Amino acid sequence: MGMAPLYFNTFLPLTNAPSSLTHIFHNMLINMEQRDWNELPVHCLVEVFGRVGIESLVETCPFVCKSWYDATFYPQCWEQLVFTKSPCLRSSKHPIPRLELDKDSWSDCCLVVPLDQTKYADESFEKFVKFAIGRSHGLVTAIVFHPKSLLKEGQIAWIAQRCPSLKLLVLPSYLSYVINFEVSNSICNWKDLEALQIASLIGLKKTIANISKHCRNFNHLSIYVPLLDEDVALAIASQLPHLKTLDLRFSTIERNTLIMIIKGCQELEQLDVSKFKGVAGDHEIQELASRICVFKHEGS
């Protein structure tokens with residue numbers, strides 16, 4: 001069975017909702033001919049709206065009836081902000097399924113993409129992000145950006161001040177030098193952070209150090225870079241010993257670097273180094289990795 005990154009399981013579509021919620025919503029649909037849409041319980045609406053996605057919260061739900069419109073103002077509806085399919089990104093040539101960052105979409109969005117090709121974030125996108133975060137009133141627990149979103153300097157710092165409860169952050173594939181260090185500095189505001197996906201080595205050692213210092217529940221790290229250097233690997237091995245999932249599926253990694261990580265991160269349950277060759281004949285790596293439940297490498 002393949003890896004199941006934390007962010008895949010953090011957002012559950014309605015079809016995977018708890019049985020009690022599904023039962024309630026099913027009964028609503030059965031009885032809709034006998035009941036007015038305005039009579040649906042607010043707590044049920046809020047529970048469902050928190051799962052339908054930002055585009056539905058903005059473009060569909062508010063226009064059904066007044067009670068649905070009012071329900072969209074509840075902050076609980078805006079805890080999980082997935083911007084990969086937001087209205088401001090409709091023009092993307094590389095749309096990705098909600099919470100499914102597959103190999104093809106990310107290989108097209110790696111760091112070799114020139115800045116002038118990253119045109120999917122503009123003033124309207126910045127305003128949309130502010131609008132969604134404003135609706136949450138500080139309750140945001142997850143933010144997922146499209147790989148080609150282009151963030152502006154100061155935007156991450158602004159988000160950090162207004163989203164203190166953030167647990168999951170999936171960053172775009174391109175971040176400027178300044179923004180990378182904004183991420184590093186913002187970690188101090190996210191005491192509850194559990195998972196981070198990033199595609200840059202700039203400032204990453206500082207980011208890891210701050211995670212180690214401030215984020216006690218951190219357990220999932222995805223790094224999508226062409227080559228994982230030894231300094232960053234040493235930081236991971238020495239400062240994140242309780243890491244559960246490490247996703248390096250698009251990164252080239254040297255043998256000694258891999259061994260360093262496996263030895264340092266003793267609690268790893270999932271490790272993806274899909275571009276690493278030679279595991280089949282390497283008895284040392286096989287023995288070290290035998291305790292890891294899911295170990296993906298080239299040929300596995």
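What percentage of the 300 residues in the chain is buried? Buried residues, meaning those under 20% relative accessible area with a 1.4 Å probe and protein chains only, make up 49% of the chain.

## Ground rules

This is a predicted model, so local features need pLDDT of at least 70 and side-chain atom pairs pLDDT 80 or more, while totals for chains, interfaces and linings use all residues. Residues are numbered from 1 along each chain as its sequence is written, and side-chain values use heavy atoms, with hydrogens and water left out.

## The overall picture

The chain has 13 helices and 8 strands, taken as DSSP runs numbered from the N terminus (H or I, at least four residues, for helices; E, at least two, for strands). Take contacts (heavy atoms within 4.5 Å) between residues at least 6 apart in sequence: 74% of them join residues at least 24 apart.

## Helix H8

Helix H8 spans residues 155-162, and its buried residues are Gln 155, Ile 156, Ile 159 and Ala 160. These sit on the same side of H8, because they cover an arc of only 140° around the axis (going by directions from the helix axis to the C-beta atoms). Their cover includes helices H7 (123-136) and H9 (177-186), plus strand E2 (142-144).

Leaving aside neighbours within four places in sequence, Ile 143 has contacts including Leu 81, Phe 83, Ile 133 and Ile 159. The C-alpha atoms of Ile 143 and Val 82 are 5.9 Å apart, although 61 residues separate the two along the chain.

Methods
Buried < 20%, exposed > 50% of the residue type's maximum accessible area, 1.4 Å probe, protein only.
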